[in-house]
Amino acid sequence: MQELATWLEASPLATALRSPGPLYMLVNAAHILGLSLLIGAIVPLDLRLIGIIRRPDIRVIGPFLSRAAGCGFLLVLLTGPALWSVNAVEYLDNTAFRWKMLLVALGIATIVIQHVAPGWRHTITTGRITHPTRIMAALSLLIWPSALLAGRWIGFF
């Protein structure tokens with residue numbers, strides 16, 4: 001992993017991001033926008049799936065919020081490695097960064113499990129939320145905000 005980090009830091013992209021100009025700021029802003037879309041869609045979706053929020057109909061709001069979270073995740077996936085490349089070796093030694101990566105991996109696992117399991121399809125088809133779907137939503141609601149906090153923690157560690 002150290003070799004990859006060293007290679008990334010020497011890449012033309014990392015060099016461009018470290019140079020004077022607005023590129024780093026724009027990539028960072030895009031990353032924050034992606035995080036906003038991701039967390040901003042996941043939290044209300046999970047709250048609805050858990051049953052804390054009772055309306056609107058999950059058949060309507062579920063697919064919309066799921067796609068919005070997907071768009072946010074795609075933007076985070078495109079910008080995150082670019083931001084990491086600027087100081088990749090140092091980030092690997094940062095405990096908060098390692099926690100963030102672990103939590104992101106767990107978050108991705110919850111998404112995959114939720115969407116592969118039959119409960120999600122049943123929920124958005126019938127409007128009835130299965131118990132396993134609620135459990136995965138509760139896990140997601142714990143994991144994604146925790147990943148966000150770990151990401152903010154990186155600068156203070």
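Of the 157 residues in the protein chain, 38% are buried; buried means under 20% relative accessible area, exposed means over 50%, and partly exposed lies in between, with a 1.4 Å probe and protein chains only. This is a predicted model, in which local features need pLDDT of at least 70 and side-chain atom pairs count only at pLDDT 80 or more, while totals for chains, interfaces and linings use all residues. Residues are numbered from 1 along each chain as its sequence is written, and side-chain values use heavy atoms, with hydrogens and water left out.

**The whole chain**

Start with the protein chain in a cartoon view. It has eight helices and zero strands, and the pattern along the sequence reads α-α-α-α-α-α-α-α. Helices (H or I, at least four residues) and strands (E, at least two) are DSSP runs, numbered from the N terminus. Along the principal axes, the C-alpha atoms fill a box of roughly 50 × 25 × 25 Å.

Next, colour by pLDDT, the predictor's confidence in each residue, from 0 to 100. The average for the protein chain is 95, and 100% of the residues score at least 70.

Switch to a surface view. The accessible surface of the protein chain is about 9,000 Å², and carbon and sulfur atoms account for 73% of that. Such areas come from the Shrake-Rupley method with a 1.4 Å probe; for residues, only the protein chains shown count as cover.

Now select the charged side chains. There are 12 positive and 6 negative ones in the protein chain, and the centres of the two sets lie 20 Å apart. Lys and Arg count as positive and Asp and Glu as negative, while His and the chain ends are not counted. Each charge is placed at NZ of Lys, CZ of Arg, CG of Asp or CD of Glu.

For contacts, the cut-off is heavy atoms within 4.5 Å. Among contacts between residues at least 6 apart in sequence, 76% join residues at least 24 apart.

**Spans named in UniProt**

Select residues 7-156, which an unreviewed UniProt entry lists as "domain: DUF6644". UniProt positions are given in the numbering used here, feature names are shortened, and annotations may be inferred rather than shown by experiment. Over residues 7-156 the chain is 83% helix and 0% strand, with 25 Å between the end C-alpha atoms.

The unreviewed UniProt entry also places "transmembrane region" at residues 23-43, 64-84, 96-114 and 135-154. Residues 64-84 are 100% helix and 0% strand, and their end C-alpha atoms are 30 Å apart. Residues 96-114 are likewise 100% helix and 0% strand, with end C-alpha atoms 26 Å apart.

Go to Asn28, in helix H3. Asn28 counts as partly exposed because its relative accessibility is 28%. From Asn28 to Arg18 is 12 Å, C-alpha to C-alpha, and the two are 10 residues apart in sequence.

Then select Pro56, in the loop between H3 and helix H4 (58-85). The peptide bond joining Arg55 and Pro56 is cis, with omega about 5°. Most peptide bonds are trans.

**Helix H4**

Pro63 lies in helix H4. At 18% relative accessibility, Pro63 counts as buried. Leaving aside neighbours within four places in sequence, Pro63 contacts Ile58 and Ile124. Thr126 is 63 residues from Pro63 in sequence and 13 Å away in space, C-alpha to C-alpha.

Further along, select Ala68, also in helix H4. Ala68 counts as buried because its relative accessibility is 17%. Show Leu37 and Ala41: Ala68 touches both, not counting residues up to four places away in sequence.

**Helix H6**

The last stop is Thr110, in helix H6 (residues 95-116). Thr110 is buried, with a relative accessible area of 7%. Not counting residues up to four places away in sequence, Thr110 touches Met136, Leu139, Ser140, Ile143 and Trp144. To finish, draw a distance from Thr110 to Leu35: the two are 75 residues apart in sequence and 17 Å apart in space, C-alpha to C-alpha.
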